[in-house]
Amino acid sequence: VNGDKELENINGIIDGHKIVCVFDGVQNGVGESDNSISKITVYDENDTDVTKNYYITTEYGKLIGKNKI
């Protein structure tokens, strides 16, 4: 997992708005690595950047790759 991702079902976001995040973490195969968000942009229904209208906090996480069972 890495790159841009559009997030859905986020609490507190106005209907019609979408959040696009750029994730920095990369995990290929079994193991784990740190993951963070380097950029968050919120767009309205016209694809206008409305990020400044939101107070956004992030949390660091981990990417975990496991063996198939």
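Student: Which residue's side chain meets that of Lys18 in a salt bridge?

Tutor: In this predicted model, the side chain of Lys18 has a salt-bridge partner at 3.1 Å, N to O. Lys18 lies in strand β2 and the partner in the loop between β4 and β5, so the pair ties together parts that are 29 residues apart in sequence. Lys18 itself counts as partly exposed, at 25% relative accessibility. The partner is Asp47.

Student: How many salt bridges does the count come to?

Tutor: One joins Lys18 and Asp47. Another joins Glu32 and Lys62, with the closest N and O atoms 4.0 Å apart. The cut-off is within 4 Å, and by this rule the count comes to two.

Student: Which strands hold Glu32 and Lys62?

Tutor: Glu32 forms a salt bridge with Lys62. The two residues lie in separate strands, so the pair ties together parts that are 30 residues apart in sequence. Lys62 is partly exposed, with a relative accessible area of 49%. The strands are β3 for Glu32 and β5 for Lys62.

Student: Is His17 buried or exposed?

Tutor: His17 lies in the loop between β1 and β2. Its relative accessible area is 17%, and the cut-off for buried is under 20%. His17 is therefore buried.

Student: Which side chain makes a polar contact with the side chain of His17?

Tutor: Leaving aside residues up to four places away in sequence, His17 touches Val42, Tyr43, Asp44, Glu45, Val50 and Tyr54. The polar contact between side chains is at 2.7 Å. The residue concerned is Tyr54.

Student: Is Val30 buried or exposed?

Tutor: Val30 lies in the loop between β2 and β3. Not counting residues up to four places away in sequence, Val30 touches Gly65, Lys66 and Asn67. Its relative accessible area is 55%, and the cut-off for exposed is over 50%. Val30 is therefore exposed.

Student: What separates the C-alpha atoms of Val30 and Gly65?

Tutor: Val30 and Gly65 are 35 residues apart along the chain. Gly65 is among the residues that Val30 touches. The C-alpha atoms are separated by 4.3 Å.

Student: How many Å apart in space are Gly31 and Lys66, C-alpha to C-alpha?

Tutor: Gly31 lies in strand β3 and is partly exposed, with a relative accessible area of 26%. Beyond four places in sequence, Gly31 touches Leu63, Ile64 and Gly65. Gly31 and Lys66 are 35 residues apart in sequence, and their C-alpha distance is 6.7 Å.

Student: Where in the protein chain is confidence lowest?

Tutor: The mean pLDDT of the protein chain is 81, and 86% of its residues reach 70 or more. Strand β4 has the highest confidence, at 89, while the lowest mean is 58. Where pLDDT is low, the predicted coordinates should not be read in detail. The lowest confidence is in strand β1, residues 3–7.

Student: How many strands does the protein chain have?

Tutor: The elements run β-β-β-β-β from the N terminus on. The protein chain has zero helices, and its strands number five.

Conventions
Residues numbered from 1 in each chain as written. Predicted model: local features only at pLDDT ≥ 70, side-chain atom pairs only at ≥ 80, totals over all residues. Heavy atoms only, no water. Helix = DSSP H or I, 4+ residues; strand = E, 2+ residues; numbered from the N terminus. Buried < 20%, exposed > 50% of the residue type's maximum accessible area, 1.4 Å probe, protein only. Contact = heavy atoms within 4.5 Å. pLDDT = per-residue confidence, 0-100. Polar contact = N/O pair within 3.5 Å; in protein donor to acceptor, adjacent residues only side chain to side chain.
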